[in-house]
Amino acid sequence: MKIKTISEELKRIYGQKIYKLSLQSGCSCPNRDGTVGLGGCSFCSMGGSGDFASKVDSIDKQIEEARARVDNKMSGVDPTERKYIAYFQSFTNTYGDFQHLKELFTATINRPEIVILSIGTRPDSITDEMFLLLEKLNKIKPVWIELGLQTVHERTAERINRCYPLSTFENTYLRLKKCGITVITHVILGLPGETHEDMYETVRYLSNLNPPLDGIKLQLLHILKDTRLYDEYQENPFHIMTLPEYTEVLLECLRILPEETIIHRLTGDGPKKLLVEPSWSANKKVVMNTINKALRENGFI
Ligand code: SF4
């Protein structure tokens, strides 16, 4: 079975490689400010799981700066023809002043070079009026909502301080699908205390969602400096997957997933200056070569 990767899907739809522009909405996170939890998910660094995102304020300036960072990779495409995904990644991007977010998302989606609006958030942080707004925006251009589920196991969710139950994910998922929104779910492989079978159970659950899941990001757990996970690991080290082990787990996850689920990510980029473990993941070239070789040998690409 061949997998469908997001880069190929976008190329097929838009006729060119589409780059993501990392943008900031100015939102914080209810799992950091005490609304649902304090201190955040244990793996989350102060950048709110978006350590590469731009730090500037106005959306025009952010887009301009983000374009400047990726445009050197698009030299073959006429500047007026270049297309991008506006990606609000850091923190919980539907958790903030509604009027501000309405203006921000509307201005962003209406820019001619933006073809998709992608919003990372928590499933417990989408209000009724936000659902209505997302539904409306999705009629202008595709809206993607990225939900950080990470695991279906409540004991792990508790251990990583996710601070919402699986039922919240499921209710929000169904509601988003009812609004016609594309949903991409983040899963972390290698969470503390999880066996391979635990990880497969998470992927099996997502594979059985109805309506089917649009996309998935499979991410390797990174232990970053100055996180609660780092402290936990220092006090009580847990198993860290090797690259061959991660590759094996990844292949099994891909075997479980339905053919139509679009694969948005097969690993993850931890900021090198903060990365503690797995140290092998700092060598992106070796990681990608190993994964791609395994994908080829197993008929996935
Ligand atoms: S919900 Fe997201 S931003 Fe908030 S603490 Fe967890 S990973 Fe970080």
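**Exercise 1.** Find what Leu 218 touches, leaving out residues up to four places away in sequence.

*Solution.* Start with the cut-off: contact means heavy atoms within 4.5 Å. With that, Leu 218 touches Val 187, Leu 189, Val 203, Tyr 246, Leu 250, Cys 253, Leu 254, Leu 257, Arg 265, Leu 266 and Thr 267. Keep in mind that this is a predicted model, where local features need pLDDT of at least 70, side-chain atom pairs count only at pLDDT 80 or more, and totals for chains, interfaces and linings use all residues. Residues are numbered from 1 along each chain as its sequence is written, and side-chain values use heavy atoms, with hydrogens and water left out.

**Exercise 2.** Work out which residues of helix 8 are buried and which are exposed.

*Solution.* First, the terms: buried is under 20% relative accessible area, exposed over 50%, partly exposed in between (1.4 Å probe, protein chains only). Helices are DSSP runs of H or I with at least four residues, strands are E runs of at least two, and both are numbered from the N terminus. Next, look at residues 228–235: Leu 229, Glu 232 and Tyr 233 are buried. Down the axis of helix 8, these buried residues fall within an arc of 100° (taken from the directions from the helix axis to the C-beta atoms), so they line one face. Gln 234 and Glu 235, on the other side, are exposed. Finally, the buried residues pack against helix 5 (154–159), strand 8 (223–224) and strand 10 (275–277).
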